[in-house]
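Open the model in your viewer and keep the selection panel at hand. We will go stop by stop, with something to pick at each one.

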Amino acid sequence: MKLTVNGKELTIEKSINLKDLLVVAKAEQPDYVTVELNGEFVDHSGFESTFVKDGDKVEFLYFMGGGAR
Amino acid sequence: MIIHLKLADYLAMVQHARKTAPVEDCGLIGGRIDEATGEKFVEKVFFLTNTDHSEEHFSLDPKEQFAAVKELRAQGLELLGNWHSHPASPSRPSEEDKRLAYDSRASYFILSLNGGEPVLNSFHIEKRTDVSKEDLRIR
């Protein structure tokens, strides 16, 4: 099946959940990314239970923050 | 690593950060990477919401981040990193900045307003601990 991940096409053999997809997509820190699936936010608690399907568009980005101290 | 920033973008960041102070200002930087040299060229600076609304912390709004990344992609550009201000401390990564630096490919701009003239530096942060200063060239 074909997905679009961060704007690039990605082909996988079978449906996998978002947690595994982040590993396939080589996210450096999968626990600290925010995911959008077909334009909708997916909460971290749903990463294991949400499976991608053919044609899905997945965006992920890293939490970005910091502080002065 | 060399990273280029336009003077107009630098001045816009300073102006925006001064208006936002004492709250920390923040945003994203996008542009292109020269495949041959690895040099980064900042073509776009985004001014995003600090969802912490704090003088000592910042968090970028994920919704705004996604919108910015999509805008960059539509223009054939890519995300190069982020920036934030230190209204009352030097231009160097704090312990929290390092701890929250999850993307080792990103450039982290820190704009200090501490004292007189603003100071902007760019940093590479590896493994959320190892900091090296990048060669930021403003023109």
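Is A:Asn6 buried, partly exposed or exposed? With 17 other C-beta atoms within 10 Å, A:Asn6 is partly exposed. Here a residue is buried if 20 or more other C-beta atoms lie within 10 Å of its own, exposed if 12 or fewer, and partly exposed in between, with C-beta atoms placed from the backbone.

Before moving on, some ground rules. This is a predicted model: local features need pLDDT of at least 70 and side-chain atom pairs count only at pLDDT 80 or more, while totals for chains, interfaces and linings use all residues. Residues are numbered from 1 along each chain as its sequence is written, and chains are lettered from A and ligands numbered from 1 in the order in which they are written.

**Stop 1**

Most residues other than glycine have a negative phi, and most peptide bonds are trans. Now select residues 2–5 and 8–11 of chain A: these are β1 and β2, antiparallel and joined by four bridges. Two strands pair if DSSP finds at least two bridges between them. Helices (H or I, at least four residues) and strands (E, at least two) are DSSP runs, numbered from the N terminus. Within this pair, look across from A:Leu3 to find A:Leu10.

**Stop 2: the sheet of chain A**

Show chain A as a cartoon and follow its elements from the N terminus: β-β-α-β-β-β-β. Five of the strands form an open, mixed sheet in the order β2-β1-β5-β3-β4. β2 and β4 of chain A are its edge strands, each pairing on one side only. On average, neighbouring strands are turned by 35° against each other, direction ignored. Such angles run from 0 to 180 degrees between N-to-C directions, using axes fitted to C-alpha atoms, for helices over the stretch in contact.

A:Asn38 counts as partly exposed, with 13 C-beta neighbours inside 10 Å.

**Stop 3: the core**

Select A:Val58. Beyond its neighbours within four places in sequence, A:Val58 is in contact (C-beta atoms, placed from the backbone, within 7 Å) with A:Leu3, A:Val5, A:Leu21, A:Val35, A:Leu37 and A:Val52. A:Val58 is also among the residues with the most contacts inside the largest nonpolar core, which has 43 residues; A:Val33, A:Phe60, B:Ile29 and B:Leu111 are the others. Such a core is a set of buried Ala, Val, Leu, Ile, Met, Phe, Trp, Tyr and Cys residues joined through C-beta atoms within 7 Å.

**Stop 4: where the chains meet**

Colour by chain: 16 residues of chain A are in contact with 22 residues of chain B. On chain A, β3 (33–37), β5 (57–62) and β6 (65–67) each supply at least two residues of the touching side. Zoom in on β6(A), which pairs with β4 of chain B (residues 57–59) in the antiparallel sense over three bridges. There A:Gly66 stands opposite B:Phe58.

**Last stop: a cis peptide**

Finish at B:Ala21 and B:Pro22, joined by a cis peptide bond with omega about 10°. B:Pro22 lies in the loop between α1 (7–20) and β2 (26–33) of chain B.

How values were computed:
Two residues are in contact if their C-beta atoms, placed from the backbone, lie within 7 Å.
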